[in-house]
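This report describes one protein model in plain terms.

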Amino acid sequence: MFSRDQILENYTDLIIAPLSGFTIKPFRQLLREYGFKGLYYTEMLNPYEIKKGKVEKIDILDKESPVGVQLFGGYKKGLYKETMNRLKEYGRFDIIDLNMGCPIRKVVHSGGGVHLLKNIDEAKYILKEIRSEWDGPLSIKTRIGFTMDDIDNTIVKLKELLVFEPDFFSIHFRTVEEKFTPPPHWDLYKKFKEELKIFIYLNGGVYDKNTIKYIKRTISPDGIMLSRGILYDPFIFSEDKGGLMKKISFSKKFLRYFVNSYGEKRLKETRKFFAYLFKGEIYSREFKKKVYSAQNYDEYIAAFEIYDYEL
Ligand SMILES: Cc1cc2nc3c(=O)[nH]c(=O)nc-3n(C[C@H](O)[C@H](O)[C@H](O)COP(=O)(O)O)c2cc1C
């Protein structure tokens, strides 16, 4: 397990966000294989899933370190203490994250995500319970506010969380109202940094290597947290130029690892990966059609033949 200092000393540059449905074991395994050494997270996890023994999402390999687990959900007395104790039984994660940034209805209705940003006392109760059982690395993922009028208010609230000694915040620089689409307000990074005086990962809208360079040059954040960027280009973190052929070999390996982990029956779950990965590539529509009609492993692999002939 990595100490708090090690997490920050060695992995400050680029980290990968928890992505529900995406940061699954076979995908994470491949990222490591392709050379990503930084911190990444499993899919987010609700405490009740752990309580019910649904722990597939935290099937973490020893060699995956450094890896984090993100919790989402509402406050209930004793729940997070119990969750931390159960999580520790697995013992393989390096850092715990609290989701305070997700605007999706299911998450907000559970009392988590941005509900906690609105009701900061509930976030405090949760963090207090987490901290009572866990003095290791802790991060908090959130947004800049509900609307652009809400920025100062958010900063005041986030300051109140500093007593729980989070190691860093990762902040998605879009408002809740903006959801996932408009250009993020990276220009607000400096304000958050100056006010909070804590390590902050900039998150949102970083989809290619040039943007990484641009942000480093103009904003110079403590670090960048990638999200959809890693889905559009799984080589975004490396010197490797990537490109279509590399994406194809990545995909074929991914299919193999996926079947090894979950069996052929669940292959449909891989379609959404290809939708991101091949977006904007030549013949992506034809490829998508083939992938969406594939019924078994061989047919998924055969979908890539479209590129054998045409390149
Ligand atoms: C498919 C998908 C799944 C996501 N899952 C999570 C999640 O489990 N936990 C979380 O905190 N944020 C989640 N997010 C939000 C991202 O981590 C990130 O904050 C957001 O997408 C903005 O960054 P981007 O523009 O670089 O994608 C998800 C986003 C997407 C698109």
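Around the ligand there are 22 residues, and those that come nearest are Ala17, Ser20, Met44, Ser227 and Arg228. A residue is near a molecule if its C-beta atom, placed from the backbone, lies within 6 Å of it. By class, this shell has eight nonpolar, eleven polar and three charged residues. Ala, Val, Leu, Ile, Met, Phe, Trp, Tyr, Cys and Pro count as nonpolar, Asp, Glu, Lys and Arg as charged, and the others, Gly among them, as polar.

The model is predicted: local features need pLDDT of at least 70, side-chain atom pairs count only at pLDDT 80 or more, and totals for chains, interfaces and linings use all residues. Residue numbers start from 1 along each chain as its sequence is written.

**Domains**

The domain assignment of the protein gives domain 1 (4-232) and domain 2 (244-310); such bounds come from an automatic or database assignment. Between the C-alpha centres of domain 1 and domain 2 there are 29 Å. Ten residues from domain 1 and eleven residues from domain 2 make the contact, where two residues are in contact if their C-beta atoms, placed from the backbone, lie within 7 Å. On the side of domain 1 that touches domain 2, α2 (25-33) and α11 (228-232) each supply at least two residues. Helices are DSSP runs (H or I, at least four residues), numbered from the N terminus. With five residues, α2 gives the most to this side of domain 1. The side of domain 1 that touches domain 2 has six nonpolar, two polar and two charged residues.

**Two helix pairs**

The table lists the packing of two pairs of helices. Axes are lines fitted to C-alpha atoms over the stretch in contact, and angles run from 0 to 180 degrees between N-to-C directions.

| Helices | Axes | Angle |
|---|---|---|
| α8 (residues 151-160) and α9 (residues 189-196) | within 10 Å | roughly 40° |
| α4 (residues 79-90) and α7 (residues 120-133) | 8 Å apart | about 35° |

α8 passes α9 in a right-handed crossing, and the crossing of α4 and α7 is right-handed. A crossing is right-handed if the near helix is turned clockwise from the far one by less than a right angle, and left-handed if anticlockwise.

The contact of α8 with α9 has four nonpolar, no polar and two charged residues.

In the second pair, Tyr80, Lys81, Met84 and Asn85 of α4 meet Ile126, Glu129, Ile130, Ser132 and Glu133 of α7. By class, the contact of α4 with α7 divides into four nonpolar, two polar and three charged residues.
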